[in-house]
Amino acid sequence: MADKGNDPAVIWQTMMGEMEKGFNSFGNQLMASPEFSRVMNQASGAAAGAQKQLGELMEKYLLAMNLPSRAQLVGMAERIQSIEGQLSEIKALLQQVHHNSLAPEGGYGTPQRPPRTKQPPPEGERK
């Protein structure tokens, strides 16, 4: 077996552990300062402002290109879902009416009459 002091994997693991401890302590000191929180607050505010401006710019661009915006597409999708729901209800009602129309006139308990097969006499034989 190799000596633990000369094992490259053990040396690498020890070095990485010490580096991680150093970075963690530096990060904790940095985040504890009020300047860091102020800078982070400003950066997140700037990012939110830039995102809002980009959204407004895209809205104007889509309007200029005569294309629907995201809000308009969402509105159309909601209306389509509502229409599909109404169509499903109408379809169910039509199936119910069709099923009820297939029942005999007197209901299912009465016997059916035989079909009427008597034909009128030909035109020459009429009196």
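Begin by selecting Lys21, which counts as exposed at 56% relative accessibility. The model on screen is predicted, and every value quoted on this tour is computed from it.

Glu18 is partly exposed, its relative accessible area being 49%. The side chains of Glu18 and Lys21 form a salt bridge, with an N to O distance of 3.9 Å. Side chains of opposite charge can pair when their charged atoms come close. The 3.9 Å separation qualifies because the cut-off for a salt bridge is 4 Å.

Now widen the selection to helix H1, residues 8–32, which holds both partners. Lys21 and Glu18 lie three residues apart in H1, and therefore about one helical turn separates them. An α-helix has 3.6 residues a turn, so residues three or four places apart point the same way. How many salt bridges does a search of the whole structure find? The search returns one.

Move on to helix H2 by selecting residues 34–64. H2 comprises 31 residues and spans 45 Å from its first C-alpha to its last, close to the 45 Å expected at 1.5 Å a residue. Just after H2, select Asn66, where phi is positive at about 60 degrees.

Finally, show the entire protein chain. Three helices and zero strands are present, in the order α-α-α from the N terminus on. With a surface displayed, the chain exposes about 12400 Å², of which carbon and sulfur atoms supply 60%. Of the 127 residues in the protein chain, 2% are buried.

Notes:
Residues are numbered from 1 along each chain as its sequence is written. This is a predicted model: local features need pLDDT of at least 70, side-chain atom pairs count only at pLDDT 80 or more; totals for chains, interfaces and linings use all residues. Side-chain values use heavy atoms; hydrogens and water are left out. Helices (H or I, at least four residues) and strands (E, at least two) are DSSP runs, numbered from the N terminus. Buried means under 20% relative accessible area, exposed over 50%, partly exposed in between (1.4 Å probe, protein chains only). Accessible areas come from the Shrake-Rupley method with a 1.4 Å probe; for residues, only the protein chains shown count as cover. The expected span of a helix is 1.5 Å times one less than its number of residues.
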